[in-house]
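Me: I am new to this structure. Please go through the terms used for it and show what each one rests on.

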Amino acid sequence: MVTRYADVVSVLTDPRCVVPPAEEAPEGGLAWLRASVSRFSPPDRHAARRAVGVAALDTLDPRELRVIAERLTGRILDRAASADNGGDRVDVTGDLARRVPLVVLAERLGLADPAAAVAEVTAVAAAYHPGAGPAAVRRADRAVAALLAMSPPAPAEVTANRLGLLVQAADATAGLIVAAVRHGLDAPDGLETDALLAEVLRLDPPVRVTRRVAADPLTLGGQPVRVGERLLLRFDAANRDPAVFPEPDRFRAGRANAALTFGAGPRGCPGQRHALALAAGVVGVLRRRCRPAGPTPDVPPTPLEVILR
């Protein structure tokens with residue numbers, strides 16, 4: 001387990017530390033999607049596949065994504081306010097955190113039915129990483145087929161990496177929004193939403209771990225690492241390394257060093273600016289229009305509700 005900030009950065013930027021690759025699979029299901037995206041690609045295929053995702057992201061202006069997310073969030077809150085069944089409460093987790101970013105991204109990436117894509121992407125995300133049960137994998141297989149049917153015509157690998165952007169955004173961006181609401185609705189009005197998100201990424205990261213395998217022997221933190229040894233990188237611990245972040249357990253916006261939640265090196269998240277823009281669009285509207293439904297618990301609730309002002 002790798003927990004020190006410097007050691008996590010060292011592993012992320014060392015070409016001898018590689019991502020465990022996914023096995024090749026026939027086109028059309030979850031295994032094929034995992035084997036085709038840059039996220040799980042071996043070093044010799046990663047750059048070309050990453051370039052596909054970067055090219056898709058380059059067509060999306062983060063400022064525009066933020067504005068669209070703000071508008072959609074506002075419309076959802078307006079509908080809640082006009083509802084007859086106690087519409088002053090809004091379920092951030094179910095109604096906003098995953099739905100808004102995915103609808104906005106799916107529409108901008110050309111999917112035929114962005115609203116329907118939300119449930120399908122969520123099903124894929126639930127089984128995306130190793131360890132999912134057979135039932136979740138079967139649901140994800142059906143969801144991949146549905147997403148392929150919604151996608152605009154393109155080579156299979158291009159479509160896979162565009163869908164990969166949606167899957168990567170599903171839990172990570174939703175988790176960031178929920179954490180920012182938990183920490184931010186009581187924050188001072190003068191605290192900019194961008195600064196709020198930056199500190200939430202450090203203190204309560206939506207992505208807490210990632211994995212690497214040593215392809216060659218190396219030394220890490222003065223300790224030898226053998227070929228084939230698996231390394232669990234703890235973003236949550238590195239983001240609270242007192243050598244880098246004074247008073248690491250306190251919420252302090254405007255810190256000098258950046259959190260490692262989006263990774264670093266050649267496999268750092270290519271959609272960082274886009275994810276932050278989408279999250280800022282949702283969270284900014286909630287900060288202006290909502291208040292907490294009750295005391296903020298130590299353990300995030302499901303659902304997380306807020307009350308319209």
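Reply: Helices (H or I, at least four residues) and strands (E, at least two residues) are DSSP runs, numbered from the N terminus. Thr-193 is in helix H10, which covers residues 193–203. Residues are numbered from 1 along each chain as its sequence is written, and side-chain values use heavy atoms, with hydrogens and water left out. The model is predicted: local features need pLDDT of at least 70, side-chain atom pairs count only at pLDDT 80 or more, and totals for chains, interfaces and linings use all residues.

Me: Why is Thr-193 counted as buried?

Reply: Buried means under 20% relative accessible area, exposed means over 50%, and partly exposed lies in between (1.4 Å probe, protein chains only). Thr-193 has 9% relative accessibility, so Thr-193 counts as buried.

Me: Which residues does Thr-193 touch?

Reply: Contact means heavy atoms within 4.5 Å. Leaving out residues up to four places away in sequence, Thr-193 touches Arg-66, Ala-280, Val-283, Gly-284 and Arg-287. Among these, Arg-66 and Ala-280 also take part in the meeting of H4 with H12.

Me: What are the angle and the axis distance between helix H4 and helix H12?

Reply: Axes are lines fitted to C-alpha atoms, for helices over the stretch in contact, and angles run from 0 to 180 degrees between N-to-C directions. On that basis H4 (residues 62–82) and H12 (residues 272–289) pack at about 35 degrees, with axes 8 Å apart.

Me: Is the crossing of H4 and H12 left-handed or right-handed, and what makes a crossing one or the other?

Reply: A crossing is right-handed if the near helix is turned clockwise from the far one by less than a right angle, and left-handed if anticlockwise. H4 passes H12 in a right-handed crossing.

Me: Which residues of H4 and H12 meet, and of what classes are they?

Reply: From H4 they include Leu-65, Ala-69, Thr-73 and Leu-77, and from H12 they include Ala-277, Leu-278, Val-282 and Val-285. The contact of H4 with H12 has 10 nonpolar, four polar and five charged residues. Ala, Val, Leu, Ile, Met, Phe, Trp, Tyr, Cys and Pro count as nonpolar, Asp, Glu, Lys and Arg as charged, and the others, Gly among them, as polar.

Me: Why is E7 said to pair with E8?

Reply: Two strands pair if DSSP finds at least two bridges between them. E7 and strand E8 (residues 305–308) have three bridges and run in the antiparallel sense, so by that definition E7 and E8 pair. Cys-290 has Leu-308 as its bridge partner in E8, and Pro-292 stands opposite Val-306. E2 and E8 are antiparallel and are also joined by three bridges; there Arg-89 is partnered by Ile-307.

Me: What makes E2 and E7 edge strands?

Reply: The open sheet has three strands in the order E2-E8-E7, with antiparallel pairing. E2 (89–91) and E7 (290–292) each pair on one side only, and that makes them the edge strands. The twist averages 40 degrees from one strand to the next.

Me: Which helices lie across strands of this sheet?

Reply: H4 lies across E2, E7 and E8, at about 70 degrees to E8. H12 lies across E7 and E8, at about 80 degrees to E7.

Me: Why is Val-92 called buried?

Reply: Val-92 has 0% relative accessibility, and therefore counts as buried. Val-92 is in helix H5 (residues 92–97). Its contacts, not counting residues up to four places away in sequence, include Val-178, Val-181, Leu-286 and Val-306.

Me: Why is Thr-122 called partly exposed?

Reply: The relative accessibility of Thr-122 is 25%, so Thr-122 counts as partly exposed. Thr-122 belongs to helix H7 (residues 114–126). Beyond neighbours within four places in sequence, Thr-122 is in contact with Arg-98 and Leu-102.

Me: What polar atom lies 2.7 Å from the side chain of Ser-36?

Reply: The backbone oxygen of Trp-32 lies 2.7 Å from a polar atom of the Ser-36 side chain. A polar contact is a pair of N or O atoms within 3.5 Å; within protein, one must be able to donate a hydrogen and the other to accept it, and residues adjacent in sequence count only if both atoms are side-chain atoms. Ser-36 is in helix H2 (residues 30–36), and its relative accessible area of 7% is why Ser-36 is buried.
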